[in-house]
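Dear colleague,

I am handing over the structure that you will be working with, and below it you will find some notes on what turned up. Please read them with the structure open beside you.

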Amino acid sequence: MSEDPLCSYLDSLNPAQLQAVEHPPSIPLQILAGPGSGKTKVLTSRIVHLIVRHGISASSICAVTFTNKAANEMRERLMKILGKQRVSEVRMGTFHALCAMFLRKYAHTVGLERNFSICDTDESKKIIGKHLEKYKEQLATQNMTLKPESVLSTISKAKAKGHTAEQHLIEVSKKFKDLPVGAEESFMVANITAEIYEDYEKTLRQTNALDFDDLLVFGLKMFKAHEDAVSWCKHVLVDEFQDTNITQYDLMRTIGYRQCVTIVGDPDQSIYGWRSAEVENLAKMQTHFPGTAQIFLEQNYRSTGSILRASSALIAQDDKRIRKSLYTSHPLGKSPFLKLFPTETEEAAFMALEIKRLVALTGGMLQWGDFAVLLRFNALSRVVESALQKEGIPSRVLRGHKFFERLEVKDLLAYLQLTDNPEFTPAFIRVVNTPSRGIGEKSLLELISTAEKCRISPMLLAERIFDGKTPDIKPPVKRKIGTFVKIIRSLRESAEKRSLPADLIRLCIDLIDYSEHLKKTHDDWESRYENVLELISFAADVGDDISSIHDEDDRNRETPLRLFLQSSMLSTEGDNESANDAESRVTIATCHAAKGLEWPVVMIPSVEDDTFPFYRAEDREEERRLLYVACTRAQGLLYLSHVSRRKVAGDKKTRTRSPFISQVTNLYRVESGPNLDIFTEDEPDIAREDRTVLSQVLQRPAPDEEVVDQRVAELFVLSCRAGLY
DNA sequence: GCGCGTTCCGTTTTT
DNA sequence: CGGAACGCGC
Ligand SMILES: Nc1ncnc2c1ncn2[C@@H]1O[C@H](COP(=O)(O)OP(=O)(O)OP(=O)(O)O)[C@@H](O)[C@H]1O
């Protein structure tokens, strides 16, 4: 074995993994394998191999990850082998981030301004809601209503297939060509939706904005139209390929035009069908890339035998799936725990106490950060959070992009968006009267319609009124709008001097006296102000090296503000959290957010019917796969629980155990004896040999038995006291 | 135009 | 039960 990481990166790979890493770069490759088989590890090693063995320059490699977090982790792993400089040259990120990055540079090739804003789902809904008003009466004649989110979802699905508004309209008329009797209403809805799609696009273009799907659609257009945008690319690698949609697939094809592509994926882990992901892309790749090779990895390195056995039994119930072999050389370990509790309160309390018990029984081999509670949806986190808090266990809740959706964060972001892109009217509407300046609905509507008549943006109109270049509008606003214009101009001036985003936020807070505004308008201003501070610290952490294309020419570099706004729209909470922070707290997250991650101990509450599968789920099998993904995040111990009665939407509902689990236990009851039960109801008593198994699976030193005794005694004393008072 | 009280509604999953 | 939307009175 060599000490030099540039030589030893192949050493820890098994034969199949090695074969995948060394596979000829010019032959398209699919690495298909179950959870924990080292797919991501192989992808990372392959990048190193392409660079050091095949002499492909780092800047010619495009690595697509599913989340920003995954990109950061991969970057960190690569850093240890390749060094900071070279890693920063690899074009790495999500499809969305990569597209955004290149669209800044080549905006003109697809008719965009370089300072385009990214419109989030909330703003999109508002835009659609506005357009929807026109169709209210028409809908009312049929006693129908149409929700903005359903329109947006249709539009999003169309964009995921690469359909423009016009194409979508054609699709609609095709679909309804032989109008079935009784389908008049859905035809009307489809038509109205198609018309709104057109209106919505117009608004986005007018406001110099792209929505999330547009990043992909315009990115694809740009890569196709402008050869310079793709000619740098000598190899494309895509992680979590089973969850790509058609537009993303086309992006891969376009960027990987040299046919040098490597993808990794696992059909059993496809859980984003609801977002138009298509597993079929795997088969499609075989036809579009002739000679595509497949490599299967069958050894799981992550989990104990019994966790893998239970998970495999679970996914095996999906009878449409292709069977796959997956084994582990790890010991069996403790059977996954499956238990019923009366209500969610007892369930959560159990998890908290069990975490404490395990920390003691493992003599500190397990810390808070080694535990994850994985949920079907965010709302389930409430009880868990408070139960952990009550026991003094530190935790962090990964709420995806929700942090950036809080009103105090959105307010400040809107000021900055408007600073960067005065045409981004959604931001103008949000903040022109925040804090109150006496510009209410009437004035606002008047501003917007006047601006439309003059064919300029409301922001520019406001500036012109303030400058006296344009007459004031009906309810006079010149005085009131003056403060606002001055604020935006100060921010703009500072941004042009390439001020740091954190400083710009502080400046903004000062200029609008935002803390005062929060105090006046919200009782919970304290926690809201904490979010403001968190936004500042997020801004301080955004490095410009990772989110922009390196360019010697300073004039071609994006302003720090623009890069910050982009990452705030594209990143999720905890994306760039330090390992330190993650280590000291229990993680609470959704199963979706847990994709690709692993923890020594995983707990999944509410494994009930109507949760798994979720009662409104369109695709039942996808729900099963979701539970499978969650279970396979566990390395050493897995806990599933369900309750008899759960408070849902205010009233108590009777709940039953998830059918996915019942199917498995029924099967095993027939086939095996009681001791071979795939799940157990008994709380695992952690003895010395169990600690040994854990230390083996986690590759950590086993604790000193004396330390264990001491920690257990401490816990006993503490819990006796708690019992007394 | 603003602030407060009321009702009503309905709980996915995310870039 | 908790948040967003609405409506009423100032
Ligand atoms: N050859 C190996 N030797 C030792 N450990 C390995 C090996 N390959 C992978 N591992 C370990 O197994 C775990 C899972 O690896 P990785 O995350 O790459 O799997 P994966 O296939 O991407 O999983 P998933 O599909 O669940 O995302 C990691 O902790 C990794 O370090």
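**Two helices in contact**

In this predicted model, T121, S124, K125, I128, G129 and L132 of helix 7 meet P148, E149, V151, L152 and I155 of helix 9, where contact means heavy atoms within 4.5 Å, and helices are DSSP runs of H or I with at least four residues, strands being E runs of at least two, numbered from the N terminus. By class, this contact has 6 nonpolar, 3 polar and 2 charged residues (Ala, Val, Leu, Ile, Met, Phe, Trp, Tyr, Cys and Pro count as nonpolar, Asp, Glu, Lys and Arg as charged, and the others, Gly among them, as polar).

**Aromatic rings**

The structure holds 16 aromatic pairs, meaning Phe, Tyr or Trp rings (for Trp, the six-membered one) with centres within 6.5 Å, called stacked if the planes are under 30 degrees apart, edge-to-face if over 60, and tilted otherwise. One tilted pair is F66 and Y272, 4.8 Å centre to centre with 55 degrees between the planes, and these two residues are 206 residues apart in the chain. F66 is buried at 17% relative accessible area, and Y272 is buried at 8% (buried is under 20%, exposed over 50%, partly exposed in between, with a 1.4 Å probe and protein chains only).

**How to read this**

Residues are numbered from 1 along each chain as its sequence is written, while chains are lettered from A and ligands numbered from 1 in the order in which they are written. Local features need pLDDT of at least 70 and side-chain atom pairs count only at pLDDT 80 or more, whereas totals for chains, interfaces and linings use all residues, and side-chain values use heavy atoms, leaving out hydrogens and water.

Best wishes
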